[in-house]
Amino acid sequence: MMNFSKGSKVWIEDRISAWETGEILEISGKLVHAVTTSGKKVSVTREKLLLRDADADHAGVDDLTKLTYLNEAETYTGSILVAVNPFAKLPHLYNVHMMEQYKGAPLGELSPHVFAIGDASYRAMKNERRSQSILVSGESGAGKTETTKLVMQYLTYVGGRAAGDDRTVEQQILESNPLLEAFGNARTVRNDNSSRFGKFVEIHFDASGRISGAAVRSYLLERSRVVQITDPERNFHCFYQLCASGKVAEKHKLDHPSNFRYLNQSKTYELDGRSNAKEYMKTKAAMDIEAIFRTLAAILHLGNIEFSPGKENDSSTTKDKKSIFHLQMAAELFMCDEKLLLATLCTRSIKTREGNIVKELDREAAAAGRDALAKTVYARLLVQKVNKSLGQDTNSKMQIGVLDIYGFECFQKNSFEQFCINFANEKLQQHFNEHVFKMEQEYSKEKINWSYIEFIDNQDVLDLIEKKPVGIIALLDEACMFPKSTHATFATKLFQSFKDHPRLAKTKFSQTDFTVSHYAGKAGHVTYQTDIFLDKNRDYVVVEHCNLLSASKCSFLAGLFPSESDASSKSSYKFSSVASRFKQQLQALMESLKATEPHYIRCVKPNSSNKPHKFESPNVLQQLRCGVINKVRMSRGAKRAEK
Ligand SMILES: Nc1ncnc2c1ncn2[C@@H]1O[C@H](COP(=O)(O)OP(=O)(O)OP(=O)(O)O)[C@@H](O)[C@H]1O
């Protein structure tokens, strides 16, 4: 129970602003009468109040360990940097002078800064000879990508070689950013430059702490965007850049984006304050292979091939002259045979005991196959290319990995993507729990009074999601493999298997939605709509597609499709589970992270209109509650001991 008395400085819970500052006027029985700093008188019960640091009134504090009272109103803590997106350029905060200031400065001596985290990681790596990781999280538009770039800027600054080399590794690393963004980012309703994939950038160092290479791993690229977008969102930036590239565009017969089906589903072609042509130059500077542009152009032409019914029943062929032109262009740019491309799009061969049978595809199936091909080519292009341009150092013993991954998501409607994203966040939360637990043990050895209140073990949610043979992912894969399954049979099986599971519930209004109670407390109850779960989890690799492109005369493209001889497969479609692949990738990521010492940056979006100088408290509080820093509180008075 907190000790309130007349004159106590307090935080008062408020429906609109979350917490208001105030002072107690009088206590009468269960009611406390208080006045807010803005002069409003309120009478509330004690639960609506928290004691407050009066010292911090004037300017606030930027390091929470400086507070006497630590509670939600002051905010949570831990060794986490909370970075609020300024939505304005702040060059004075991120220049060389600043980097110089933070270089070697003990953590906590200067104001909290992204560079301070970068420096702490770099020094820990050098001193302890141990790999480090920096985990950047937050919701869309909170500033993860920008923060990641600043961390990389700092690391390349302190770990860079002396000037004089031709094109140094650190230059290569920094230049990979425009490339990654061109291919992996797009305009969404929430962010003009939203990363449509998660990424783990590993910077490699040699024994003396100098940068020797880098690598990037990507997670869950939103492939569907290549073929489907809605206004005012856009496709990936690189397509618009290519259309604005002048000569190259002309050479590949590209003109305005409005002429391409993959781009004109949304009428948004330009972005405020960005020029497609200028961005193209930046992307181009980071890569020298003409083959990439050619492949991108081929994807756009491919998307413009339309089909009409063919001569035979349920068959299809190119619709008109225009489609034939785009077919020719796509084949030319993919450097493959035009007839073979058409056959790949309009037929499938099925292996039977008697031999191969060629089955005609109707126009819907042909169009679906065309889009699948576009998505597969695009997805393979991204990481392959970026990794090549970075230059990995396979001998490096020490690394600093920067993870930029989507934070916990809970919308009005949640589908498969949110399910995967929240699964990733559960994994990261478990990693965080283990880390804090270890720290707590260290502290108790040193007899420091620190307690990790409400240590929440989320193994049960993880089991629910990923355990074999019965877990949400396993049941989903099973459903995907049986042609007769529907989302309804999947949901029924799910509820049968987990009848009394405390973390899984049915919803009132639907038989097929399910709610998972994630780690993030009340805010973490997420209801998923299973309608398109099965489709979204199916990633068919069409054998003909691979055969077509592995035979391409363009060695770059052929290299993206190493030929697999899978004679045992009866069908030319091979089911591969998106969720299971993601699970494996996460497992590998966790293994990498376990070998490192982690540092955390939580990015916060101050308002939902992306405006500077606007702070919506309830909104921010919600983000902090859902974040990695949830549930970590130091007991009051504990941090005095720590100080
Ligand atoms: N430190 C910063 N200084 C100035 N502007 C920033 C900063 N961080 C973010 N912004 C602004 O906010 C926008 C969104 O940030 P960013 O793209 O980094 O968000 P994100 O968390 O990576 O989002 P998503 O999950 O959608 O990729 C940026 O394009 C930029 O305009």
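**Reading strands, sheets and helices**

User: Let's start with a hairpin. Which strands form one, and how many residues sit between them?

Analyst: Bear in mind that this is a predicted model. Strands S14 and S15 make a hairpin, with 2 residues between them. S14 covers residues 347-352, and its pairing with S15 is antiparallel, over 6 bridges. Within that pairing, Lys 351 sits opposite Asn 356 of S15.

User: Why does S15 lie largely in the open?

Analyst: Look at burial, where a residue counts as buried if 20 or more other C-beta atoms lie within 10 Å of its own. S15 has 6 residues (355-360) and the number buried is 0, so the strand lies largely in the open.

User: In what order do the strands of the open sheet come?

Analyst: Its 6 strands follow the order S6-S22-S7-S16-S10-S11, with mixed pairing. At the edges are S6 (80-84) and S11 (211-219), each pairing on one side only. From one strand to the next, the twist averages 15°.

User: How do S10 and S16 run, parallel or antiparallel?

Analyst: Antiparallel: 7 bridges join S10 (residues 198-205) to S16 (residues 398-404). For instance, Val 201 has Val 402 in S16 as its bridge partner.

User: Which strands does helix H4 touch?

Analyst: H4 (residues 169-184) packs on the sheet and touches S10 and S11, its direction making about 15° with that of S11. Helix H2 (residues 114-128) lies across S6, S7, S10, S16 and S22, running at about 170° to S22.

User: And what feature does UniProt place at residues 5-54?

Analyst: The unreviewed UniProt entry has "domain: Myosin N-terminal SH3-like" there. That span is 0% helix and 62% strand, and its end C-alpha atoms lie 14 Å apart.

Definitions and conventions
Residues numbered from 1 in each chain as written. Predicted model: local features only at pLDDT ≥ 70, side-chain atom pairs only at ≥ 80, totals over all residues. UniProt positions renumbered as here; feature names shortened; annotations may be inferred. Helix = DSSP H or I, 4+ residues; strand = E, 2+ residues; numbered from the N terminus. Pairing = 2+ DSSP bridges. Axes fitted to C-alpha atoms, helices over the stretch in contact; angles between N-to-C directions. Contact = placed C-beta atoms within 7 Å. Buried ≥ 20, exposed ≤ 12 C-beta atoms within 10 Å, placed from the backbone.
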